[in-house]
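Thank you all for coming; I would like to walk you through one structure this morning. Please have a look at it first, and then I will go on.

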There are 2 protein chains.
Amino acid sequence: MNDDSATAIRRVAVIGTGVIGAGWAARFLANGLEVVASDPAPDARANLHASIAGACEPLERLGLAMAGWERRLSFEPDVSAAVAGAGLVQESAPEREALKRDLLERIDAAAPAGALIASSSSGLLPSRLQAGCRHPERVFIAHPFNPVYLLPLVELVGGERTAADTLARAQAFYRHLGMRPLVVRKEIEGYIADRLMEALWREALHLVNDGVATTEEVDAAVTYGAGLRWALMGTYLTFHLAGGEAGMRHMLEQFGPALKLPWTHMDAPALSEELIERIVAGCEHQAAGRDVHTLARRRDDFLVRLLSLVREYWPEQEGLTGRI
Amino acid sequence: MNDDSATAIRRVAVIGTGVIGAGWAARFLANGLEVVASDPAPDARANLHASIAGACEPLERLGLAMAGWERRLSFEPDVSAAVAGAGLVQESAPEREALKRDLLERIDAAAPAGALIASSSSGLLPSRLQAGCRHPERVFIAHPFNPVYLLPLVELVGGERTAADTLARAQAFYRHLGMRPLVVRKEIEGYIADRLMEALWREALHLVNDGVATTEEVDAAVTYGAGLRWALMGTYLTFHLAGGEAGMRHMLEQFGPALKLPWTHMDAPALSEELIERIVAGCEHQAAGRDVHTLARRRDDFLVRLLSLVREYWPEQEGLTGRI
């Protein structure tokens, strides 16, 4: 199969229909696919329907067609039967390695030849998850972000035995769903996005644990500051702009010493010449010839519009007074 | 002085007119204040005017009046003269403790009785910065975020000798400028927001240093996922929603074990019963009686509009192809 056949997939199986699995089902349906869902929970079917119904309005406002989704969704308690006709299987069971390994083996044994098998794991190693499968070459991680039907990011991670062609097909498939597939170069626990979030999260836990801030204050320190930027640009490009004319290089010179301060409970790598060069080159690539003024104007233009928008969601708009 | 007198301040001094100081000047001018600026750099005055001119359009699109700002801005190379008539002095010199201490002593010696003296430091301890001042009770940290004329967050941090009344007046003053003052409960290096950003930043450095991702990939892992949420809600409320009906408590039970994994190079605190209770109570306070469905609808409503907006800024809109 090639990329074209990956985007030609018409039927997918969603195994596990909790928050993540239901989100996948809604996204698949919104893109015209047929979905066969499976979950052992007694109320799974009703909960899945309620979740998808709740996702219809935002999806339709994004221009996607949810009309008739009920007719394209079926529920099949038996996993083997559920995956039998699928071009792609999306496993979203609880985050326990033994459980996922067992489930993936059953999926692999029953799925058609050529079907892709994705796990929604948020941190487990694909080499371990695929180890017991007969066709490990088609097994990989496709880690989405909540709400799955709206957020575009999906991390694709292959294990030692995943075929390169599998990841290429997966990229084409998820891109076809309007997503931003990020292929992770090295197989590490937590991949990329959750490692970043986990670092911030651990520091957030320390701040609350140490009595420095309440949870509300920690959240406010993000939402009214860096969070407004993070919808548009990550830390690297942000720092590149903050460095002024000299960009990231100046930033690393000026704030490099702060990395030695005990500001977090996490060690930082030494800022070797090699690392500095790699970071600077990365930022220049991202800037793509646009100078910092151009990038700053683009940032400001975005922030003005984002601010006008996000203000409507601030606490006082909901009658919550006495907040930060 | 009381809150009313703090909001009645009409003239401020901006000492140091780099990226941060110039941002402050633009924000002050946009709110009708008179600004006296001072900076020893030979081209400081011209750069300041250029920076403010660049901030006019976004500020006016936010409904602020920049007309005639040139007449309300003056430049005074001598620091003592610059602060002589100020109701508030905003120091934004380079982040070096000895330099800031010396500067704050000179400002304190020359500023009118009753004037507030704020340092824009992003991490230094106010107790140390105010130590040499004759009137340390009026000296505090007011740490803004770039771009200062747009982002609402400002962290207010008092030192051992800062008067409670000073922080109350500062809160009123910055709130009057349309900002979100976050008073930091304990004096720690890096305060709150930069500790959170520093944790993410250190992990981002590790990922690039270890060859797991390029800077572009690290940024994409934020901007297409968690970053879209962070403009609206922080990690705590995000996890509260991800926990489903049972909220944060379920989340901590399910993902607590992950804190023991070596996902980042930072240690995490033990999830004691006390910490769990504190976090759960904090989230319930933030939820303010709204159930998770209500909060999720509000989140989705926001994300739909944010996505329509932020898409216009994605790489392909600028002709950048082959990006994530």
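Predicted model: local features only at pLDDT ≥ 70, side-chain atom pairs only at ≥ 80, totals over all residues.

Chain B can be laid on chain A by a turn of 180° and a shift of 0.0 Å along the axis, with an RMSD of 0.0 Å, the superposition being by least squares on the C-alpha atoms of residues with pLDDT of at least 70 in both copies. That is the relation of a two-fold axis. Residues are numbered from 1 along each chain as its sequence is written, while chains are lettered from A and ligands numbered from 1 in the order in which they are written.

Now, how many residues does the contact take from each chain? It takes 95 residues from chain B and 95 residues from chain A, where two residues are in contact if their C-beta atoms, placed from the backbone, lie within 7 Å. On the side of chain B that touches chain A, the largest share, 16 residues, comes from α9(B), and helices here are DSSP runs of H or I with at least four residues, numbered from the N terminus. Since 100% of the interface residues of chain B are also interface residues in chain A, the copies meet through the same surface.

Let me turn, finally, to a helix pair within chain B. Residues B:A22, B:A25, B:A26, B:L29 and B:A30 in α2(B) meet B:L48, B:S51, B:I52, B:A55 and B:L59 in α3(B).

Terms used
Helix = DSSP H or I, 4+ residues; strand = E, 2+ residues; numbered from the N terminus.
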